[in-house]
Amino acid sequence: MHHRRRVVSASALDGVARNPALPTPLLLRLLAFDGGGDGPPRHALQRAGLPQPAVAVILAHPYPGAPIEFAMSTRAEPAQRARLADDPSPKVRAALAYGPEWRDPRTTIAPLPTDVCACLLDDPDPSVRTALPDSLHIAPSFVASLAAHRDPAARRSAARGWEILAPGERSALLADPDPEVRRAAALWECRRDIHVTAELLRDPKSAAEALRRGLLVRADAERCVAERTHLAALAENPSLPVDPSRSGSAAPVRGATGATALRGPNVMRVAGVSSR
């Protein structure tokens, strides 16, 4: 019975925390609530437009999960969340570096300030340093600035800024001494270069992703269909012909490298699968 009362109480408090008209004094009381050791209501920690007194309570909260929930908030202002970069707990700083996308990759939020990203990237704790390069909520300009970073994980992340990298930076990443950096770079460059795609297709670790995003020649597409390997990945490739199994159904086009490429999204006919 006591457990049931706790559950009902927590549910009621969550409902109060979701109320958009909640006055600040009551919000501060909710944030101070320890929940019987479970911390304050999550919706109180992740409200939009938190006033500065509420942020101050969260930053100094004795419950260790409170600042982590705040770090994962999709509604908090980036400048407010950025204050967690000085938290003494590496778990909190890592949560800040990962961001809300770590829980839901479909989430889109404003990027953290560049100076905060730089601080997290040089954090003394390795769990924080490795979290930031994989984060999706850092500015594209900051991502691109990592192309010459001393940490291979950071250089690997820089490939995500491929379209705004200088040609020399792209070439350096494609020739990087670290194999994972080279692979990440090649998986971006293959969108425009059939030779890079062909090289990736020879690597079992990269073949599926190369088929999904790389610029393909007809022979590679038809070989994949004949072998019936990675058909789901091939179906997503925008350079696939509409129906290469039918003569004259899709004319070849010239790719960015001047080599013959193919276009079209339909692999169902290629695989001999009826649409019915």
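This is a predicted model: local features need pLDDT of at least 70, side-chain atom pairs count only at pLDDT 80 or more; totals for chains, interfaces and linings use all residues.
Residues are numbered from 1 along each chain as its sequence is written, and side-chain values use heavy atoms, with hydrogens and water left out.

For the chain, the mean pLDDT is 83, and 82% of the residues reach 70 or more. Residues 1–8 have a pLDDT below 50, and beyond near neighbours in sequence the model gives this stretch three contacts.

Now the overall picture. The chain has 17 helices and two strands; these are DSSP runs numbered from the N terminus, with helices being H or I of at least four residues and strands E of at least two. Of its 276 residues, 43% count as buried. Buried here means under 20% relative accessible area, exposed means over 50%, and partly exposed is in between, using a 1.4 Å probe and protein chains only. Taking contacts between residues at least 6 apart in sequence, 51% join residues at least 24 apart.

Let's zoom in on helix 4, residues 52–59. Which of its residues are buried? They are Ala 54, Val 55 and Ile 58. Looking down the axis of helix 4, the buried residues fall within an arc of 100°, so they line one face of the helix; the arc is that of the directions from the helix axis to the C-beta atoms. And what covers them? The cover includes helix 2 (24–32), helix 3 (42–45), helix 5 (65–71) and helix 6 (78–82).

Let me stay with one of those partners. Two packed helices are described by the angle between their axes and the distance between the axes. For helix 2 and helix 4, the axes come within 10 Å and cross at roughly 5°. Those axes are lines fitted to C-alpha atoms, for helices over the stretch in contact, and angles run from 0 to 180 degrees between N-to-C directions. Helix 2 and helix 4 are therefore roughly parallel to each other. On that scale, angles under 35 degrees count as roughly parallel, over 145 as roughly antiparallel, 65 to 115 as roughly perpendicular and the rest as oblique.

Who does the touching? From helix 2 we have Leu 27, Leu 28 and Leu 31, and they meet Pro 53, Ala 54, Val 57 and Ile 58 in helix 4. By class, that contact has seven nonpolar, no polar and no charged residues. In this scheme Ala, Val, Leu, Ile, Met, Phe, Trp, Tyr, Cys and Pro are nonpolar, Asp, Glu, Lys and Arg are charged, and the others, Gly among them, are polar.

Most residues other than glycine have a negative phi, and most peptide bonds are trans. In the loop between helix 16 (218–227) and helix 17 (231–235) we find Arg 228, which has a positive phi of about 55° although it is not a glycine. Arg 228 is exposed, at 51% relative accessible area. His 230 sits in that loop between helix 16 and helix 17 too, also with a positive phi, near 55°. At 38% relative accessibility, His 230 is partly exposed.

Finally, a few links across the sequence. Val 143, in helix 10 (residues 140–144), is buried at 4% relative accessible area. Leaving aside neighbours within four places, Val 143 is in contact with Ile 138, Ser 157, Ala 158, Arg 160 and Gly 161. Val 143 and Trp 162 are 19 residues apart in sequence and 9.3 Å apart in space, C-alpha to C-alpha.

Pro 152 lies in helix 11 (residues 152–158) and is partly exposed at 30%. Beyond four places in sequence, Pro 152 touches Asp 178 and Val 181.

Arg 191 is in the loop between helix 13 (179–189) and helix 14 (194–201). The C-alpha atoms of Arg 191 and Asn 237 are 46 residues apart along the chain and separated by 9.7 Å.

Technical notes:
pLDDT is the predictor's confidence in each residue, from 0 to 100. Contact means heavy atoms within 4.5 Å.
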